[in-house]
Every structure is written in structure tokens, then in C-alpha cells.
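Reader: I'm new to this one. Can you walk me through it?
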Amino acid sequence: MDIQSLNVAVNVEILERTRTGSITGPIWLHLEDRDFPEKDWFDFPVALLNSWIEEISALRQGELQTGRIRFMEGPLTVAVRLSSNTIAQASFMRSEQALF
């Protein structure tokens, strides 16, 4: 699927810190008419954002051909390939099976 716009949604009003110091709360990806994995997906937003930034930076710098945006809760991944500076191709997957 070609995408020009993909937004990261985080509900910062209900973030929580666990006893071990991890921060949990809702985080999901929003396309024009879809949410992945779903709206208000509960995961580890700070850890995810850090790993996603590193992955996308390596992709943009040409260190990777395909970047993988992974969620920690569940076998959920978005495989991303850049086709230009403004358009990416993405596969949204559960257990390595493309959903869309």
C-alpha cells in the first residue's frame, strides 16, 4: 500500500508508569481511514517511539531497504520501504501475514 501520510497517535492523558519504570498507554498508527493495530492500542509508547525513530532514520539514511515498525504487545509489524522522499510503501502485518 502506498502511503503519503501516517500519523502516530498517543493518548498522553492516560500514560502510566509501571513498578519497573516502563511507561504504558495507548499508541497506534492512523492512516486516512484506518487504525493499526487499532485505536487506543495499549503498549509501551516511549520504548516504541524510540525504536521507531531509530528504524525510520536508518531507512531514510539508506542503511536499510526495508524498515520494520514493531509493536511490543502482539506480533504486529509494519514493513516500510521508501519509494521517494514523500511516499512510502507499507505492509501492515500480524504474525508476518499482511492485513493490508
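**Strands and a pocket**

Author: Gladly. This is a predicted model. Start with a turn: β9 and β10 form a hairpin with 2 residues between them. Ser95, in that turn, has a positive phi of about 55 degrees.

Reader: How many bridges join β9 to β10?

Author: There are 2, and the strands run antiparallel. Strand β10 covers residues 97-98. Arg94 has Gln97 in β10 as its bridge partner.

Reader: What about β8 and β9, how many residues lie between them?

Author: 5 residues, and the two strands form a hairpin. They run antiparallel, joined by 7 bridges. Strand β8 spans residues 76-82. Within this pair, Val78 stands opposite Phe92 in β9.

Reader: And β1, which strand does it pair with?

Author: Strand β9, residues 88-94. The sense is antiparallel, over 2 bridges. Asp2 stands opposite Gln89 in β9.

Reader: Switching topic. What volume does the largest pocket have?

Author: About 370 Å³. The pocket is lined by 19 residues.

Reader: Which ones lie nearest its centre?

Author: Ile3, Leu6, Ile56, Ile69 and Val80.

Reader: Which element gives the largest share of the lining?

Author: Helix α1, with 5 residues. α1 runs over 45-60, and both α1 and β8 supply at least two residues of the lining.

Reader: How does the lining split by class, nonpolar, polar and charged?

Author: The largest pocket has 13 nonpolar, 5 polar and 1 charged residues in its lining.

Methods:
Residues numbered from 1 in each chain as written. Predicted model: local features only at pLDDT ≥ 70, side-chain atom pairs only at ≥ 80, totals over all residues. Heavy atoms only, no water. Pairing = 2+ DSSP bridges. Helix = DSSP H or I, 4+ residues; strand = E, 2+ residues; numbered from the N terminus. 1 Å grid on protein atoms, 1.4 Å probe; cavity = no way out; pocket = protein on both sides within 12 Å on 5 of 7 lines; lining within 4 Å. Points joined across faces, edges and corners; volume = space filled by probe spheres on them. Nonpolar A, V, L, I, M, F, W, Y, C, P; charged D, E, K, R; others polar.
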